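Reader: Could you bring up the model we meant to go through today? I'd like to ask about a few places in it.

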Amino acid sequence: MASNIIKVPYWRLSSFYFFYFALLGCIAPFWALFLSDRGFTPLEIGELMGLFGLVRMIAPNVWGALGDYTGKRMPLLRVGCAVCFVVFSNIYWVDDFFYMACIMVGYGFFWAAVLPQFEVVTLNYLRDRTDDYSKIRIWGSIGFVVVVLLLGWVFDYVSVSYLPAFMLVMLLAIFICSLCVRGIDQVKHGEESEGFLVLLWRPEVLAFLVAAFLIQFSHGAYYTFFSLFLEAQGYSKTMIGFLWALGVMAEVLVFLVVHKMFKHVGYKSVLIASLFLAALRWYFTAHFADVLWMLMLLQLTHAATFGTMHAVSMHYVHKYFNGPHQGQGQAFFASFTYGAGGALGTYVSGLVWQQDLGVTMFELAGLSALVGMVIALIWVKK
């Protein structure tokens, strides 16, 4: 076991996460502002982000099946990174809804393929030491914080229309990092595994996936409209960037200790607590967004609503979908939760926002997380 730990290319894996989530730091807080600057309405923004999420439902399963079948995860991943860069570089010639949708769908199809495949590569390096995953993944959160703070300050002085230039730099860096990771063969677990659909239809697996779907549905309002919501409250772009960064800094701290926490607290308990805190977070965001100290406190709960939730999800996915189904399992999890859940949450939030019901948007998010908690409490096994 010790030799396996020594062989883990910590910094090469961490660098990939750093730039991948630095790119997300460009998208999550500022992409809606960029689209608004381009003249798109809240409903159109919701539809565009919904399309982006819809592609994330399909693409990971296609690429996951290819990765499992060929075993060539890193070459496929590099192709995805390269095509992302080429497709997104056309953003400068796009100014209407149809062509923007084409860019986002084309970019999303290849971008969605990247992370699930890299998660499999990372977990295969770690083998049975999945609790150490957070020590590598933490650098993704750090990358997000760095970019969000930097761009929040920059966009108070220059137009948000410069956002694509920063994104192209990140895409190039991701591709370069992918060239530095060799990857290792898929881990075999001895006996023949059950069929993928048999694994998928287990009650505890379905319950976990539905709970994860609902918490991502609840984040749809946050990832797409939180910046616009804060801007309507009178916050500057610097403060908006700071609030986003504050949430991810809390996530960084939890990634530092979560591997130790799992030695004392059950995975199911962490799952339920994450969902419950998400419900509280969105409800109070709906009613106290104008109170800065309260908003800062609520942003700290991102440590649970994303940080511990993601860490415990990686444990469950790695446990439920092992052997020859690793790639498909990661892909299905990503497509069903981040893809379908995020897309539906984004689209519904856009509809609600268009009707000037911004408060209701976050109340609905809180309700979905609460339902997810009840499902996990009843059906997910310890």
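Author: What follows is a short talk about the inside of this model and some single residues.

Reader: Before we start, what kind of model is this, and what are the ground rules?
Author: It is a predicted model, in which local features need pLDDT of at least 70 and side-chain atom pairs count only at pLDDT 80 or more, whereas totals for chains, interfaces and linings use all residues. Residues are numbered from 1 along each chain as its sequence is written, and side-chain values use heavy atoms, with hydrogens and water left out.

Reader: How many cavities of 30 Å³ or more does a search of the whole structure find?
Author: The search finds seven cavities of 30 Å³ or more, where a cavity is a set of points, on a 1 Å grid over the protein atoms alone, where a 1.4 Å probe fits but cannot get out. The largest cavity has a volume of about 650 Å³, a volume being the space filled by probe spheres set on the points, which are joined across faces, edges and corners.

Reader: And which residues are closest to the centre of that largest one?
Author: Of the 39 residues that line the largest cavity, L24, R56, W111, Y223 and Y338 are the closest to its centre; a lining residue has an atom within 4 Å of a point.

Reader: Which helix gives the most to the lining?
Author: That is α14, with seven residues. Helices here are DSSP runs (H or I, at least four residues), numbered from the N terminus. At least two lining residues come from each of α2 (10-37), α3 (42-70), α5 (97-126), α6 (133-154), α9 (203-232), α10 (237-261), α13 (302-320) and α14 (326-354).

Reader: What is the lining of the largest cavity like by class?
Author: It has 23 nonpolar, 12 polar and four charged residues, with Ala, Val, Leu, Ile, Met, Phe, Trp, Tyr, Cys and Pro counted as nonpolar, Asp, Glu, Lys and Arg as charged, and the others, Gly among them, as polar.

Reader: Switching to packing, which residues have the most contacts inside the largest nonpolar core?
Author: Those are W31, M100 and Y107, in a core of 131 residues. Such a core is a set of buried Ala, Val, Leu, Ile, Met, Phe, Trp, Tyr and Cys residues joined through side-chain atoms within 4.5 Å. Leaving out residues up to four places away in sequence, M100 touches W31, F34, L35, R38, F40, L48, I91 and V94, contact meaning heavy atoms within 4.5 Å.

Reader: Now A59: buried or exposed?
Author: A59 is buried because its relative accessible area is 0%, and buried means under 20%, exposed over 50%, and partly exposed in between (1.4 Å probe, protein chains only). This residue sits in helix α3 and, beyond residues up to four places away in sequence, touches F109 and A112.

Reader: Why does A311 count as buried?
Author: Because its relative accessibility is 9%. A311 belongs to helix α13, and its contacts, not counting residues up to four places away in sequence, are F255, V258 and F262. Between the C-alpha atoms of A311 and V258 there are 7.7 Å, although 53 residues separate the two in sequence.

Reader: What does the side chain of R78 reach?
Author: From helix α4 (residues 73-88), the side chain of R78 reaches the backbone oxygen of S178 at 2.9 Å.

Reader: Last one, where is K382?
Author: K382 is in the segment after α15 (358-379) and counts as exposed because its relative accessibility is 87%. K382 and S269 are 113 residues apart in sequence, with 8.2 Å from C-alpha to C-alpha.

Methods: 1 Å grid on protein atoms, 1.4 Å probe; cavity = no way out; pocket = protein on both sides within 12 Å on 5 of 7 lines; lining within 4 Å. Polar contact = N/O pair within 3.5 Å; in protein donor to acceptor, adjacent residues only side chain to side chain.
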